[in-house]
Amino acid sequence: MRIPVFAANWKMHKTGLEAVAWIREFAVATKNLSAADAEVIIAPPFTAIAAAVEATRGATLAVAGQNLHFERQGAFTGEVSAALLKAAGADLVIIGHSERRRIFGETDESVQRKVTAAHTAGLVPIVCVGETLEERERGETLAVLDRQLKAGLDGCSGDQIAALILAYEPVWAIGTGKNATATEAGEAHTHLRRRLREWFGGTHADRCRILYGGSVKPENIKELIGLEDVDGALVGGASLESSTFAAIVSVSATL
Ligand code: PEP
């Protein structure tokens, strides 16, 4: 039995004050939801993490970074390490988001180094994988997922796999309003779980939560979360309004 996880990726949106207002509104909107129904994570920009951590004290919301540098410290102007995120109060970190891969040149190798850095600092990685439209049209979806998964999780122990969160995010569905169909998402998630079982053993693989990400909205979450290997969602645009994200999370209570 895996508790569903819903993660709000705010990208480059929200000040500390706006984060605090969102957290207060979200708490009111989800007051009837119990921790056994769903785990909820927010990923604010670095500058709002401290305020978000303070505002979530005593609540069941966890705070994640949206990225990290794999070195522990040093002359890396503009970068933030896993240890700095942990010290700011974050418990998780998103790694390998397609915007990082596409816009900032992140590679499978840097994803692997970031996963190791997160584990070393005691952060839970939320590792993103997913194919582009061209890769899907060439019939390469599962091969791309295999490559990203194998390289990104190289060196992880079974216990680390059980605790980490994987996000299947087809690149063509992110921020486009076009979500994967239940058939497309189901095929990818089942494949990812199968690979985790082969590489890390069934006990660990069956504990790992695999989220779907890509234009999730209150209107389409029910169909996606109903799939056997979909354990929640990573939500960008629809997480910016607390009420919309609360509506998405509340679906888990009806499962
Ligand atoms: C994301 O940024 O991870 C994402 C899934 O965005 P959106 O929900 O806007 O497609």
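Trp-10 is buried, and so is Trp-22, where buried means under 20% relative accessible area, exposed over 50% and partly exposed in between (1.4 Å probe, protein chains only). The model is predicted, so to speak of local features takes a pLDDT of at least 70, and side-chain atom pairs count only at pLDDT 80 or more, while totals for chains, interfaces and linings use all residues. Residues are numbered from 1 along each chain as its sequence is written, and side-chain values use heavy atoms, with hydrogens and water left out.

Now for the rings. The structure holds 5 aromatic pairs; rings of Phe, Tyr and Trp (its six-membered ring) pair if their centres lie within 6.5 Å, and planes under 30 degrees apart count as stacked, over 60 as edge-to-face and the rest as tilted. In one of them, the ring centres of Trp-10 and Trp-22 are 4.9 Å apart and the planes stand at 70°, so this pair is edge-to-face. Trp-10 sits in the loop between strand 1 (5-9) and helix 1 (16-29), and Trp-22 in helix 1, so the pair ties together parts 12 residues apart in sequence. Helices (H or I, at least four residues) and strands (E, at least two) are DSSP runs, numbered from the N terminus. Ring pairs also bring Phe-26 and Phe-245 into a cluster with Trp-10 and Trp-22.

Tyr-168 and Tyr-212 make a tilted pair, 6.3 Å centre to centre with 55° between the planes. Tyr-168 belongs to strand 6 (residues 165-168) and Tyr-212 to strand 7 (residues 209-213), so here the parts tied together are 44 residues apart in sequence. Tyr-168 is buried, and Tyr-212 is too.

Arg-100 lies over the face of Phe-104, 4.2 Å from the ring centre, and Lys-150 lies over the face of Trp-199, at 4.4 Å from the ring centre. The test is NZ of Lys or CZ of Arg within 6 Å of the ring centre and within 35 degrees of the ring normal.

On to helix packing. Helix 1 and helix 2 (residues 46-55) pack at an angle of about 30°, with their axes 8 Å apart; axes are lines fitted to C-alpha atoms, for helices over the stretch in contact, and angles run from 0 to 180 degrees between N-to-C directions. At the contact (heavy atoms within 4.5 Å), Gly-16, Ala-19, Val-20 and Ile-23 of helix 1 meet Ala-48, Ala-51, Ala-52 and Ala-55 of helix 2.
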